[in-house]
Amino acid sequence: CNHFFAGTASVSEPVSCSPYALRLLAAHTHPLQRSFLGAASFAHRSTSFAKSFLSESDKMATAKPAAGDKPKKVHSRAVLLKDVAPRDFIRVYSAHLKKQGKLELPPYLDVIKTGVAKVLSPASPDFYYHRCASLVRHIYIRPHTGVGRFSKVYGGNQRRGVCPNRFRPAATGIIRHCLQQLEKIGVLQQGHPRGRQLTKEGQRDCDRIAQQILFPEIAAQKAALAAASE
């Protein structure tokens, strides 16, 4: 801690002082150094907590059951869709919809554009499933959202050569088709008084997939229990 008084300490150097010593130094240091000491105290507390948590989780993960013991019951953890990054959820949920095979793809999917601002049709073959997963996530967070609002969400700027770009909404036909298909398979339902909202089954599937993303070990243990029961 003497480096702070000598002025030779840098942000990249580790701080080995205790939180009490850091608070004591904060009363006798420059305000600019005081902010760094507060950040170092927070890093010290968070690092110690993370080490203790990881050590306990590693002990539980590496503990092997004895021969003849039945696998222990797995306790689920409350996880919501909002706890997961949007990109990870859309990737996993779109794969889930594709694996189900219940969605009916439109025959014109490979030749249409998704909006006036686009030049070509979507290059990804799984674009329809990605758009459906994105719509489900949006409706989970903001229920009763209509097609017009989604056309603004998925819209973009149109390039007009030397003229300034202008915002153009997305095509509403593909959005309406996705919502209708999701309503047919029981993920969405007509809301009151307008718009659509998730059904109980659809919300349960979203939370279950979010739990699988954050805690894959729980999903693996549940699969092992199901296989052992069979």
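The legends below accompany an overall view and close-up views of a predicted model.

**Figure 1. Overall view of the predicted protein, with nine helices and four strands.** Followed along the sequence, the secondary structure runs in the pattern α-α-α-α-α-α-β-β-α-β-β-α-α. Of the 230 residues in the protein, 27% are buried, and the accessible surface comes to about 15700 Å², with 56% of this area belonging to carbon and sulfur atoms. When contacts between residues at least 6 apart in sequence are considered, 62% of them join residues at least 24 apart.

**Figure 2. Close-up of helix α7, residues 172-184.** The helix has 13 residues and spans 18 Å from its first C-alpha to its last, which is close to the 18 Å expected at 1.5 Å a residue. Just after α7, G186 adopts a positive phi of about 90 degrees.

Figure 3. S134 counts as buried because its relative accessible area is 12%, which is under the 20% cut-off for a buried residue. Leaving aside residues up to four places away in sequence, S134 touches I90 and Y154. With Y154, the side chain of S134 also forms a polar contact of 2.7 Å, joining it to the side chain of that tyrosine.

Methods:
Residues are numbered from 1 along each chain as its sequence is written. This is a predicted model: local features need pLDDT of at least 70, side-chain atom pairs count only at pLDDT 80 or more; totals for chains, interfaces and linings use all residues. Side-chain values use heavy atoms; hydrogens and water are left out. Helices (H or I, at least four residues) and strands (E, at least two) are DSSP runs, numbered from the N terminus. The expected span of a helix is 1.5 Å times one less than its number of residues. Buried means under 20% relative accessible area, exposed over 50%, partly exposed in between (1.4 Å probe, protein chains only). A polar contact is a pair of N or O atoms within 3.5 Å; within protein, one must be able to donate a hydrogen and the other to accept it, and residues adjacent in sequence count only if both atoms are side-chain atoms. Contact means heavy atoms within 4.5 Å. Accessible areas come from the Shrake-Rupley method with a 1.4 Å probe; for residues, only the protein chains shown count as cover.
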